[in-house]
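Please read it alongside the sequence and coordinates.

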Amino acid sequence: SLLDELTGIPNRRAFDQAFAERVREAARDGKPISALMIDVDLFKTFNDTRGHPEGDIALKAVARLLAGALRRPADFIARYGGEEFIALLPNAPLDGAQVVARRMNRAIHDALLEYDHGIDGRVTVSIGVATAMAADAGDLVRHADQALYVAKSTGRNRYVAIGDAEVAVAG
């Protein structure tokens, strides 16, 4: 199966297939590709305090909101594992990917998914954004993951973008 059972969006296996296809297309067209690694902030504590059934409800809501933040037909989102999601944005330069990251952050924050121990008393996400030309896409996911780590270590509920020696942080 290529769908995540819990959230109903594509799973990691589907992502791996989509990644290979999107990188091939980007290489053929000489276009950039961006990846957004997304992590639900403080989710382990959420599950520990609210329980796994409520955690599952929150993950479903987050998946729906993240998917709703994508606007173009070729954009792709999947559950990467646990409370992590990943989005692929073909033909998206760094500034375009940042627009999507900002939209995702805002969608989750504005949904007011209650969480007493969360930032502003709600569920939030941190996002790592990376952009590369297809020829350099082999490290794209790793770079998005590194940017996610920076976003989480600098306060959460924000995105950090890395691409072509350019770094942007927004919270």
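The points below go from the whole chain to single residues.

The model is predicted: local features need pLDDT of at least 70, side-chain atom pairs count only at pLDDT 80 or more, and totals for chains, interfaces and linings use all residues. Residues are numbered from 1 along each chain as its sequence is written, and side-chain values use heavy atoms, with hydrogens and water left out.

**Overall fold**
- The protein chain has five helices and six strands, where helices (H or I, at least four residues) and strands (E, at least two) are DSSP runs numbered from the N terminus.
- Their order from the N terminus is α-β-α-α-β-β-α-β-α-β-β.
- For 171 residues, a compact globule would have a radius of gyration near 16 Å, and the protein chain agrees with 15 Å; the radius is taken over C-alpha atoms, and the globule rule is 2.2 Å times the number of residues to the power 0.38.
- Of the 171 residues, 50% are buried (buried is under 20% relative accessible area, exposed over 50%, partly exposed in between, with a 1.4 Å probe and protein chains only).
- Among contacts (heavy atoms within 4.5 Å) with a separation of 6 or more, 66% come from residues 24 or more positions apart.

**Helix α4**
- The 17 residues of α4 (residues 94-110) should span 24 Å at 1.5 Å a residue, and the end C-alpha atoms are 24 Å apart, which agrees; the expected span is 1.5 Å times one less than the number of residues.
- Buried residues in α4 are Leu94, Ala97, Gln98, Val100, Ala101, Met104, Asn105, Ile108 and His109.
- These residues cover an arc of only 165° around the axis, so they lie on the same side of α4; the arc is that of the directions from the helix axis to the C-beta atoms.
- Just after α4, leucine 112 has a positive phi of about 55°.

**Glycine 82**
- Glycine 82 sits in the loop between β2 (76-81) and β3 (84-90).
- Its relative accessibility is 40%, so glycine 82 counts as partly exposed.

**Aromatic pairs**
- There are four aromatic pairs (rings of Phe, Tyr and Trp, its six-membered ring, with centres within 6.5 Å; planes under 30 degrees apart are stacked, over 60 edge-to-face, the rest tilted).
- Phenylalanine 15 and tyrosine 80 are edge-to-face, because their ring centres are 5.7 Å apart and their planes at 80°.
- Phenylalanine 15 lies in helix α1 (residues 12-29) and tyrosine 80 in strand β2, so this pair ties together parts 65 residues apart in sequence.
- Phenylalanine 43 and phenylalanine 46 are stacked, at 5.6 Å centre to centre and 5° between the planes.
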